[in-house]
Amino acid sequence: MFSLFNLGLVCHITGIAMMVGGVLANFVAMAQLWKFLPAEKSKAQVIAKAIARFPIVQGLGGFLIISGGIMMMIFFHGLPMHQAWFKVKLILLLLLILNAIVTAWPANVLLKQLLNGENNIPNEQSKVIKVKQRITLYHVLQLMFFVLIFIVSVTRFD
Ligand code: HEM
């Protein structure tokens with residue numbers, strides 16, 4: 001029988017695949033983009049355009065994770081809410097969101113300026129290095145938080 005738990009878990013796992021897949025694909029594509037900055041902006045712009053749709057896939061993934069999680073929560077009558085593993089998981093989820101806002105957001109704003117700006121931006125090379133470090137830090141932290149959430153969700157300690 002396909003229960004609400006089964007449906008929730010399928011949505012949850014599909015969403016996780018989309019989210020984590022998005023971060024990994026972004027990480028790999030960005031590694032190519034850095035090779036063309038600041039010297040060959042037009043090539044970097046093509047890569048930036050190609051990865052511009054990734055956040056849509058990740059957003060849909062986030063929606064599936066949360067709706068699947070809520071379905072499983074309903075199935076369990078909210079029981080996980082009182083368990084230690086779930087509280088730790090919610091803290092990690094908060095860190096995922098905070099990392100996107102605090103680390104990625106300002107770096108992406110600066111990256112857009114570097115991609116769209118003229119060729120005579122002052123200290124351009126050092127700005128590219130700064131953005132690269134920030135975005136790499138963001139990717140590494142996101143992947144680390146995801147692995148921690150996997151460990152917490154699979155072990156379900158109390
Ligand atoms: C990035 C966010 C999240 C990730 C990566 C994640 C990951 C996971 C994983 C790997 C499992 C184990 C699946 C299994 O045992 O087959 C799981 C189970 C579960 N998750 Fe999540 N989850 C996330 C967010 C959430 C949220 C926001 C909720 C609640 C609204 C939630 C509720 C649940 C529930 C209820 C279970 C089932 C627990 C059980 O079987 O006892 N998760 N999650």
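A residue is classed as buried if 20 or more other C-beta atoms lie within 10 Å of its own, as exposed if 12 or fewer do, and as partly exposed in between, with C-beta atoms placed from the backbone. Ile56 is exposed, because 10 other C-beta atoms lie within 10 Å. This residue belongs to helix 3; helices (H or I, at least four residues) and strands (E, at least two) are DSSP runs, numbered from the N terminus. Ile56 is 41 residues from Gly15 in sequence, and the two are 12 Å apart in space, C-alpha to C-alpha.

The structure is a predicted model, in which local features need pLDDT of at least 70 and side-chain atom pairs count only at pLDDT 80 or more, while totals for chains, interfaces and linings use all residues. Residue numbers start from 1 along each chain as its sequence is written.

The chain contains 5 helices and 0 strands, in the order α-α-α-α-α along the sequence. Its C-alpha trace spans about 60 × 30 × 20 Å along the principal axes. Of the 158 residues in the chain, 17% are buried. Two residues are taken to be in contact if their C-beta atoms, placed from the backbone, lie within 7 Å. Among contacts in the chain with a separation of 6 or more, 82% involve residues 24 or more positions apart.

The axes of helix 1 and helix 5 come within 10 Å and cross at roughly 155°. Axes are lines fitted to C-alpha atoms, for helices over the stretch in contact, and angles run from 0 to 180 degrees between N-to-C directions. Helix 1 and helix 5 are therefore roughly antiparallel to each other, a term applied to angles over 145 degrees. On the helix 1 side, the contact involves Val20, Val23, Asn26, Phe27, Met30 and Trp34, which meet Lys132, Ile135, His139, Gln142, Leu143 and Phe146 of helix 5. By class, the residues of this contact are 8 nonpolar, 3 polar and 1 charged. Here Ala, Val, Leu, Ile, Met, Phe, Trp, Tyr, Cys and Pro count as nonpolar, Asp, Glu, Lys and Arg as charged, and the others, Gly among them, as polar.

The ligand is surrounded by 19 residues, of which the closest are Ile16, Gly69, Met72, Ile149 and Ser153; a residue is near the molecule if its C-beta atom, placed from the backbone, lies within 6 Å of it. At least two residues of this shell come from each of helix 1 (4-35), helix 3 (54-75), helix 4 (84-116) and helix 5 (124-155). Helix 3 gives the most, with 6 residues. The shell comprises 15 nonpolar, 3 polar and 1 charged residues.

Key: Parallel < 35°, antiparallel > 145°, perpendicular 65-115°, else oblique.
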